[in-house]
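User: Hello! I am new to protein structures and would like to learn how to read one. Could we go through it together?

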Amino acid sequence: MADISRPLNRSRDLLNEAGLYRRLAAAHVRGQMQYRGSFWMQIAGNALIYSLEFAAVLIFFLHFETLGGWHPGEIAFLYGLSSVSFGIAHIIGGGFASFSQLIVRGEFDRLLTRPLSSFVQVLAADVQMRRLGTVLQGIVAFAVAAALTDLPWTLGRALYLPVTIASAVAVFTALFTLEATVCFWTTQATEAVNAFTYGGSHLALYPIHIFDVWMRRLFFFIIPLGLVIYAPALYLLDKPDPLSFPAWARFIAPVAAAIFAALAGTAWRSGVRHYRSTGT
């Protein structure tokens with residue numbers, strides 16, 4: 001009976017934490033909406049920045065027909081997949097992206113005194129709705145992809161697209177979590193970690209097979225962005241795999257995301273246990 005009750009209790013705890021996050025995040029969003037003009041200007045500005053980046057990618061094809069065998073519409077699809085996923089992750093995980101300030105100001109100590117999960121409190125500490133501009137730009141990229149490419153949609157592909165996005169969101173959020181975890185020992189987030197979060201999001205905009213072997217191995221087997229964005233995109237676009245991975249690798253995104261998120265959660269709990277107050 002104890003073996004059965006343990007997973008049931010854990011599931012109940014997860015549901016309670018999800019409900020708590022929803023309430024805290026909603027309160028944070030209502031606070032941002034008090035200044036509607038600023039709110040929408042931030043979203044528009046964020047969308048404009050990513051629009052310029054997307055335009056730069058498309059300008060490349062004025063001089064070259066393909067990039068690693070991928071045509072403009074296919075690159076636009078990959079861009080949309082990465083941008084939507086990264087944008088959603090940045091909205092819900094923005095608290096981890098700015099976690100170092102909680103450490104520096106000693107505010108994390110206050111979170112630990114509350115009878116609430118520190119993970120959920122940090123996750124909901126900074127819901128960055130301005131990142132909605134990134135998501136909107138990703139949707140525009142999907143529209144461009146549909147206009148430039150005859151996307152081979154089937155029921156299976158239509159159902160797998162949201163699974164792919166959710167998996168990529170989980171990996172990006174886990175990366176933000178790992179970046180925050182480093183702060184327990186360094187106080188400030190390091191540029192090396194930023195290279196994996198923001199750098200990884202930019203790398204995921206392109207077909208990963210065009211990069212060096214060491215980078216492909218890094219982003220397939222250590223940080224599984226290749227498994228949650230590039231590999232599923234091969235299936236969604238019905239493209240052959242130049243890296244000759246097994247066919248099942250195109251469908252491993254949710255498993256890879258779950259494992260990576262679990263490792264990030266373990267690292268976070270270890271960081272909390274070893275945390276020593278800054279004394280501020």
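This is a predicted model: local features need pLDDT of at least 70, side-chain atom pairs count only at pLDDT 80 or more; totals for chains, interfaces and linings use all residues.

User: Which residues of H9 and H12 meet?

Analyst: From H9, the list includes Tyr160, Leu161, Val171, Phe172 and Leu175. On the H12 side, the residues are Leu225, Val228, Ile229, Pro232, Tyr235 and Leu236. Sorted by class, this contact has 12 nonpolar, 3 polar and 1 charged residues.

User: What about H12 and helix H13: at what angle do they pack?

Analyst: H12 and H13 (residues 253-273) pack at about 170°, and their axes are 9 Å apart. That angle makes H12 roughly antiparallel to H13. Leu227, Val228 and Pro232 of H12 make this contact with Ala253, Ala256 and Ala257 of H13. By class, the contact of H12 with H13 has 6 nonpolar, no polar and no charged residues.

User: Now a single residue. Where is Thr149 found, in a helix or in a loop?

Analyst: Thr149 lies in the loop between helix H8 (132-148) and H9.

User: Is Thr149 buried or exposed?

Analyst: To decide, compare its relative accessible area with the cut-off: buried means under 20%. Thr149 has a relative accessible area of 18%, so Thr149 is buried. Once neighbours within four places in sequence are left aside, Thr149 is in contact with Gly73 and Glu74.

User: Let's zoom out. How many helices and strands are in the chain?

Analyst: The chain has 13 helices and 0 strands. Of its 280 residues, 46% count as buried. The chain exposes about 14,000 Å², and carbon and sulfur atoms supply 66% of that area.

User: And what percentage of contacts join residues at least 24 apart in sequence?

Analyst: For this, take the contacts between residues at least 6 apart in sequence: 77% of them join residues at least 24 apart.

Methods: Residues are numbered from 1 along each chain as its sequence is written. Side-chain values use heavy atoms; hydrogens and water are left out. Helices (H or I, at least four residues) and strands (E, at least two) are DSSP runs, numbered from the N terminus. Buried means under 20% relative accessible area, exposed over 50%, partly exposed in between (1.4 Å probe, protein chains only). Contact means heavy atoms within 4.5 Å. Accessible areas come from the Shrake-Rupley method with a 1.4 Å probe; for residues, only the protein chains shown count as cover. Ala, Val, Leu, Ile, Met, Phe, Trp, Tyr, Cys and Pro count as nonpolar, Asp, Glu, Lys and Arg as charged, and the others, Gly among them, as polar. Axes are lines fitted to C-alpha atoms, for helices over the stretch in contact, and angles run from 0 to 180 degrees between N-to-C directions. Angles under 35 degrees count as roughly parallel, over 145 as roughly antiparallel, 65 to 115 as roughly perpendicular and the rest as oblique.
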